Amino acid sequence: MTTPILQATGLVKRYGRVTALAGSDLELLPGEILAVIGDNGAGKSSLIKALSGAVVPDEGEVLLDGSPVSFSTPLDARNAGIETVHQSLAVSPSLDIAANLFLGRELRRKGVLGSVFRMLDRAGMREEARRQLDALGIMTIQNPGQAVETLSGGQRQAVAVARAAAFGSRVVIMDEPTAALGVRESRAVLDLILQVRDRGLPVILISHNMPHVFEVADRIHIQRLGRRKAVVDPKSVSMSDAVAIMTGAMEPPD
Amino acid sequence: MTTPILQATGLVKRYGRVTALAGSDLELLPGEILAVIGDNGAGKSSLIKALSGAVVPDEGEVLLDGSPVSFSTPLDARNAGIETVHQSLAVSPSLDIAANLFLGRELRRKGVLGSVFRMLDRAGMREEARRQLDALGIMTIQNPGQAVETLSGGQRQAVAVARAAAFGSRVVIMDEPTAALGVRESRAVLDLILQVRDRGLPVILISHNMPHVFEVADRIHIQRLGRRKAVVDPKSVSMSDAVAIMTGAMEPPD
Amino acid sequence: MTAVVEQRDRSLLTRVQHVLHAQATIGPAVVLLTSVIVFALLSERFLTPGNISLILQQVAVVGTLAVGQTIVILTAGIDLSCGAIMVLTSIVMAKVASETGLPGLPALLLGFLVGTVCGLLNGMLVTRLKLPPFIVTLGTLNVFFALNLWYSGSATIRGSDMPSLLLWTGQTFTVGGTRITYGSILLVVLVAAMAFVLKNTAWGRHVYSTGDDLEASRLSGIRTARVLLSVYATAGLIYAVAAWTLIGRIASASPQAGQTDNLDSITAVVIGGTSLFGGRGAVVGSLIGALIVGVFRNGLALAGVDVLWQTMAVGVLIIVAVSLDQWIRKVKA
Amino acid sequence: MTAVVEQRDRSLLTRVQHVLHAQATIGPAVVLLTSVIVFALLSERFLTPGNISLILQQVAVVGTLAVGQTIVILTAGIDLSCGAIMVLTSIVMAKVASETGLPGLPALLLGFLVGTVCGLLNGMLVTRLKLPPFIVTLGTLNVFFALNLWYSGSATIRGSDMPSLLLWTGQTFTVGGTRITYGSILLVVLVAAMAFVLKNTAWGRHVYSTGDDLEASRLSGIRTARVLLSVYATAGLIYAVAAWTLIGRIASASPQAGQTDNLDSITAVVIGGTSLFGGRGAVVGSLIGALIVGVFRNGLALAGVDVLWQTMAVGVLIIVAVSLDQWIRKVKA
Amino acid sequence: GGGSSGGAATLVGLVTKTDTNPFFVKMKEGAQQAATSSGATVQSFAGKQDGDNQSQVDAIENLIASGAKGILITPSDSKAIVPSVDKARAAGLLVIALDTQLEPANAADATFATDNYKAGLLIGQWAKAKFAKDGKQAKIALLDLNPNQVSVDVQRDQGFLEGFGVDVKDKNRIGDESDPRIVGHDVTDGAPEGGRTAMENLLQKDPGINLVYTINEPAAAGAYEALKAAGKEKDVVIVSVDGGCPGVDNVKAGVIGATSQQYPLKMAQLGVEAVSKFAKDGSKPQNTDTGVTLITDQPAEGVESKDSAFGLQNCWG
Ligand SMILES: Nc1ncnc2c1ncn2[C@@H]1O[C@H](COP(=O)(O)OP(=O)(O)OP(=O)(O)O)[C@@H](O)[C@H]1O
Ligand SMILES: Nc1ncnc2c1ncn2[C@@H]1O[C@H](COP(=O)(O)OP(=O)(O)OP(=O)(O)O)[C@@H](O)[C@H]1O
Ligand SMILES: OC[C@H]1O[C@](O)(CO)[C@@H](O)[C@@H]1O
Ligand SMILES: [Mg+2]
Ligand SMILES: [Mg+2]
């Protein structure tokens with residue numbers, strides 16, 4: 001069996017009296033789209049937060065390419081090549097699109113202006129942003145210099161997705177990226193996910209939308225009560241069975 | 001033809017340079033579920049905000065039971081029997097469930113305690129809340145005295161939905177009530193909507209989820225570019241045609 | 001909605017945290033109790049009835065202001081102008097009575113009216129111009145202070161020129177050999193009444209809800225602008241009550257009084273566990289907060305500690321008390 | 001994503017609003033210009049080079065503080081302790097030099113160090129204890145002020161006892177017959193440098209982004225705690241520069257100075273158009289804000305208006321300027 | 001105000017410590033009166049509170065810019081203000097310190113003030129005689145101005161102690177004494193609120209206090225309220241400085257034992273006249289002691305005093 005590119009074992013995360021993760025495992029194989037489904041509160045977001053450095057798990061281990069890693073900040077995970085679109089879009093409303101795309105990894109000017117005066121290469125970033133957005137074909141944004149707060153919810157979502165897709169080098173994680181999107185916009189994001197996978201990058205996709213999940217996922221991780229209940233193959237399990245496992249109405253096939 | 005219970009004609013709403021509503025109409029017939037669909041930014045939320053007093057339209061008219069009304073605050077609409085679940089859940093996190101259910105229409109104690117000292121009937125409200133939640137069968141909340149901030153997103157959604165269903169006397173409006181919900185929770189909300197309709201109350205449902213829309217709607221209002229593009233019958237139009245009209249790929253049949 | 005996995009906590013600390021969490025104002029109360037015990041051990045004079053009564057007198061003005069400040073902060077506002085409103089109203093009460101010979105009661109009521117109007121002005125600027133309360137009251141602070149200087153002609157009005165009603169708050173009565181001022185009693189009554197109203201009336205609930213999430217409250221059908229207006233106006237009225245207490249305390253009305261009381265009242269509210277972000281807190285906490293500061297200043301003074309270190313102690317206290325309170329609140333129900 | 005329906009605005013007012021909106025600090029700039037013109041018409045003495053230079057001198061201290069205050073407010077913080085840090089560092093610089101005979105440069109650097117450490121302490125309390133900046137700095141304000149009283153022994157240190165470097169900011173040079181202090185120049189240089197850094201470096205961007213949405217910034221991979229620490233520390237350093245300017249300005253170091261400068265610096269920032277909610281604003285605006293207040297005070301004084309009305313004017317100014325600015329910002333791009 | 005047109009009226013600046021102490025209110029009045037009779041214009045400024053040096057610095061500069069001929073100032077910080085005074089003098093203005101000496105005193109062209117040391121000395125001597133006569137052991141509380149060791153504060157406090165026969169050690173420093181009769185010092189900001197709290201604190205330290213020195217009468221009024229609330233007003237002797245009408249009333253009522261009366265109106269009048277004269281012929285005035293009178297209804301052997309009737313005839317505010 002191939003080593004998983006990203007693996008978690010026995011993750012535990014407590015918030016006060018609530019245990020969000022009660023010993024959860026996860027395996028992401030190279031080049032696959034792994035969907036994560038589960039009821040509200042099943043611990044899906046908590047799981048991917050632990051994988052992306054957004055929270056530090058109380059117990060358990062995360063392995064990247066087989067070697068243990070410990071992310072204490074989102075930056076650590078990002079530096080390891082893991083890009084995440086969080087459920088609560090992590091964008092800065094007052095900054096423009098280009099600034100948001102490059103947030104935390106700004107390009108600097110060449111020469112002394114950059115090295116001594118630490119000047120940003122604004123033009124470079126705008127151009128690059130323009131290029132990325134075009135390449136992804138996800139939307140026709142007029143001007144990467146537009147402030148994100150002037151975008152609609154769907155457009156903001158697109159910026160966050162574009163950022164992850166553009167910079168992810170090992171893993172891309174998306175937490176309900178289409179929840180607020182219209183039909184057409186959702187379609188574009190699904191296409192983008194497939195596109196990313198086709199570039200060879202594995203994707204973790206959290207979604208409540210079963211048709212979407214069954215359309216794009218290679219494998220489906222079913223989360224229940226803070227644990228991985230099962231991993232199923234969308235080609236061999238029906239949508240209603242997956243939902244039944246998810247809600248506890250049915251035991252997973254073994 | 002029956003008079004629509006709620007009707008809007010030529011609504012216009014501008015935000016600075018953006019025109020969210022460019023002369024939008026709407027008709028809600030007695031006892032029906034009217035779905036409103038449209039791209040992100042098509043003006044769906046703006047439309048129902050104008051109907052529920054959350055914003056005051058710049059132009060246009062709203063008629064309730066055939067007579068013109070003008071709601072300058074959400075309270076006006078509520079007093080007229082229109083209950084709304086907004087896309088950005090309007091709940092008060094630090095208050096408990098019962099307090100949220102009765103927010104703005106608190107029950108007072110009987111006798112002088114209530115009339116002179118204006119004391120709240122806390123016990124009465126808790127009991128009534130308990131009863132409402134049970135009757136709706138939407139969830140098993142242990143304790144109506146629990147603060148809303150301790151609930152999961154899905155549970156909060158449920159509180160907002162329960163409030164609208166419990167107090168709506170003329171019209172219930174729901175803006176993407178299932179967007180953040182899991183499969184099971186979405187199911188419960190859809191059942192609730194049907195239940196409300198069966199009580200004889202008409203419902204406006206905004207949703208991006210086409211299967212949901214086609215399952216419950218009696219008629220579908222398609223919003224595009226700030227206007228009503230068409231109203232279609234889900235029994236005679238296919239899902240893909242509805243989406244095509246919504247995105248402008250197809251002209252509505254006339 | 002998945003049922004939540006509960007678990008029994010093992011650590012003692014977490015258990016303590018839970019017990020404390022159950023009651024909102026218990027954090028400040030613990031701080032108060034602890035400091036009282038420590039100071040009682042440091043000086044046998046501390047726990048005498050006379051000294052307790054003195055502390056109550058010393059916190060009466062700031063404590064009364066803190067009642068008004070609390071309701072403003074509960075709506076996610078802040079009132080930098082409270083001291084200025086208090087001074088202005090104290091001057092109005094005193095000057096009108098001493099110059100026109102207006103009897104005590106109408107003079108007092110006129111002062112209450114002026115305080116209410118000042119508060120209303122704040123409220124109108126906050127709700128109509130939609131400016132942050134910090135900015136509004138930073139502005140009106142200057143305006144009210146200037147009005148006060150102008151109306152008073154910068155002159156102090158002495159107690160002997162005023163009707164006795166205005167000085168009543170400084171009068172004492174004796175209970176079991178201890179002298180207590182009516183001003184202290186007024187504070188306690190005010191706190192009790194406000195606590196009742198906040199807890200048991202729809203208005204109180206709307207105050208919390210407005211501070212918690214303004215837009216959500218508005219969409220829920222609360223007339224948030226009206227709630228805010230009523231809160232600022234009520235706060236103004238309470239500052240006028242504080243003005244009455246102030247007159248009694250210094251037996252005069254001085255246009256330069258109360259200049260540090262803005263921050264002092266905020267300090268009391270904050271130490272008392274009310275969140276600056278609105279929606280959370282209690283007026284009883286603010287009274288306790290004012291008492292904590294009073295106990296520290298008095299206790300340190302008794303122990304012969306220099307004012308300088310009292311100031312330092314208040315600074316440290318703010319940070320420690322609020323941290324403690326936040327630690328207690330961290331446990332979600 | 002549906003294309004947005006645009007429309008041409010017809011009303012003149014809306015058009016004016018749009019033009020103003022294009023440039024962030026243009027609101028405050030308009031206010032400044034208008035007031036300069038009005039005062040120039042009221043008094044022929046106002047627009048003389050000497051008077052302009054005087055206004056610059058008078059705003060130098062508050063303006064410098066406002067530079068530090070601006071970056072703190074940009075992160076959605078607030079610094080009530082800036083005046084206390086300034087006074088403390090001015091006393092440290094002056095006393096160390098006058099008592100131990102330390103030469104000017106090391107004394108100055110020591111002061112800078114102390115300011116930075118004070119700021120760092122604020123930053124640590126904000127990031128580690130996760131307390132609201134208002135509360136942290138309300139606490140440290142008392143702590144720093146007490147330290148200042150303690151270290152100074154409450155005594156003013158005279159300029160004649162200090163090395164001349166410490167007084168340099170008060171020295172003047174003459175340009176075209178106008179005397180300009182080095183302190184004013186220092187302020188202008190500081191504003192220019194900070195404006196450059198905020199606009200053109202990643203750090204600047206992260207300051208805005210952290211203030212805009214802390215959690216979003218953290219999730220985007222910004223080390224927000226580090227950004228906040230660096231902001232508070234830098235602000236502390238800038239307050240130390242203000243201390244240097246203060247010493248030059250009053251040619252002495254007084255432990256009693258700067259008590260009202262906290263609110264004054266916030267006033268400058270707020271009039272300058274920076275949002276108290278963080279993420280929006282510019283340091284140039286704060287300089288303009290400080291100048292507006294300075295122009296008003298000076299202009300009214302020249303016109304022979306009583307201080308009382310100057311105070312009133314500042315109050316009204318705050319509200320009017322911020323309302324105007326908000327009105328301009330209402331136009332979404 | 002006015003003074004915008006060059007050449008017409010002589011502009012005189014008056015910079016007081018605060019706007020609110022009746023003493024300074026009186027000064028403003030005195031200056032105004034003198035200005036009307038000598039054809040000058042007065043523009044007044046004040047600090048935000050006692051001790052606010054920065055506002056006074058700004059005021060001096062604005063007056064220089066306004067073309068004032070002279071400045072009358074009661075310095076809040078007698079040391080820190082000196083460089084600004086130097087600036088004004090260098091710009092050709094006449095600067096007169098009123099009420100409170102600069103440090104050094106000759107930093108001003110002249111000082112028109114009470115001899116504050118003497119004001120303190122008189123009440124100290126009076127208290128000493130009174131306590132000797134009553135055969136009581138004194139327990140002294142000193143309610144000073146602020147921690148800044150301002151000249152007026154130091155002079156009165158030390159004068160009082162010397163008058164009372166306490167070894168003051170460094171005469172330029174408050175609080176370095178080690179006499180067991182002294183219960184303690186506290187600061188009042190020269191205002192009633194501060195006076196009350198300071199009195200309360202010192203009473204806590206030693207409830208047996210029976211002699212209270214206060215920097216001025218507003219502070220004394222606050223102190224009295226504290227004593228009253230503690231039921232001690234009958235057992236304690238208060239001495240003060242100012243001799244304003246309310247203060248003298250208090251002497252009459254027995255609230256204050258003795259007070260050193262000052263003459264702020266005179267200070268301001270002389271000041272305005274001196275500036276007017278300077279504007280005409282450039283002549284500079286001499287230092288003037290505006291006088292001090294001990295007011296008490298319980299005269300003491302060997303200490304010259306007047307009664308409250310005299311006090312009321314000569315009081316201000
Ligand atoms: N910061 C937090 N503080 C307290 N409790 C939390 C926090 N984050 C999550 N929880 C709790 O942990 C549990 C798991 O939450 P999580 O967000 O991981 O669920 P989810 O599967 O992503 O749900 P959803 O589908 O609604 O997004 C829930 O009970 C939630 O209330
Ligand atoms: N408060 C506001 N200020 C400025 N622009 C707004 C505001 N509210 C809505 N808009 C703009 O009006 C347009 C219509 O928004 P609306 O929320 O009505 O769309 P919607 O159809 O509900 O979209 P979605 O499906 O994303 O909820 C959008 O371009 C939006 O950006
Ligand atoms: O605060 C001290 C000041 O108070 C006065 O006594 C007036 O009440 C002045 O003489 C003195 O300068
Ligand atoms: Mg989630
Ligand atoms: Mg919407």
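Trainee: Is A:Val116 buried or exposed?
Mentor: In this predicted model, A:Val116 counts as exposed, because its relative accessibility is 55% and the cut-off for exposed is over 50%.

Trainee: Where does A:Val116 lie in chain A?
Mentor: A:Val116 sits in the loop between helix H4 (111-115) and helix H5 (122-136) of chain A.

Trainee: Which nonpolar surface patch is A:Val116 part of?
Mentor: One of about 370 Å², made by A:Val112, A:Leu113, A:Val116 and A:Phe117.

Trainee: Switching to metals. What are the protein donors of the magnesium ion, ligand 4?
Mentor: A:Ser45 gives OG and A:Gln87 gives OE1, lying 1.9 to 2.2 Å from the ion.

Trainee: Where in chain A are those two?
Mentor: A:Ser45 is in helix H1 (residues 44-51), and A:Gln87 is in the loop between strand S6 (82-85) and helix H3 (97-101). The pair therefore ties together parts that are 42 residues apart in sequence.

Trainee: A:Ser45, buried or exposed?
Mentor: Buried, because its relative accessibility is 18% and the limit for buried is under 20%. A:Gln87, at 40%, counts as partly exposed.

Trainee: And ligand 5, what are its protein donors?
Mentor: For that magnesium ion they are B:Ser45 (OG) and B:Gln87 (OE1), at 1.9 to 2.2 Å. B:Ser45 belongs to helix H1 (residues 44-51) of chain B, while B:Gln87 belongs to the loop between strand S6 (82-85) and helix H3 (97-101). They are 42 residues apart, so the pair links distant parts of the chain.

Trainee: What are the relative accessible areas there?
Mentor: B:Ser45 has 18% and is buried; B:Gln87 has 40% and is partly exposed.

Trainee: On to the assembly. Which pair of chains shares the most contacts?
Mentor: Chains C and D, out of eight pairs of chains in contact.

Trainee: Why do you say the copies meet through the same surface?
Mentor: Because 100% of the interface residues of chain C are also interface residues in chain D.

Trainee: How far apart are chain A and chain E?
Mentor: Their closest C-alpha atoms lie 37 Å apart, and no contact joins the two chains.

Trainee: What about chain B and chain E?
Mentor: Chain B and chain E do not touch either; the nearest C-alpha atoms are 36 Å apart.

Methods: Residues are numbered from 1 along each chain as its sequence is written. Chains are lettered from A and ligands numbered from 1 in the order in which they are written. This is a predicted model: local features need pLDDT of at least 70, side-chain atom pairs count only at pLDDT 80 or more; totals for chains, interfaces and linings use all residues. Side-chain values use heavy atoms; hydrogens and water are left out. Contact means heavy atoms within 4.5 Å. Donors are N, O and S atoms within 2.8 Å of the metal (3.2 Å for Na, K and Ca); water is not among the atoms, so sites may look incomplete. Helices (H or I, at least four residues) and strands (E, at least two) are DSSP runs, numbered from the N terminus. Buried means under 20% relative accessible area, exposed over 50%, partly exposed in between (1.4 Å probe, protein chains only). Patches are made of residues with over 30% relative accessible area and no salt bridge: like charges are joined within 9 Å, nonpolar side chains (Val, Leu, Ile, Met, Phe, Trp, Tyr) within 5 Å. Accessible areas come from the Shrake-Rupley method with a 1.4 Å probe; for residues, only the protein chains shown count as cover. A salt bridge is a side-chain nitrogen of Lys or Arg within 4 Å of a carboxyl oxygen of Asp or Glu.
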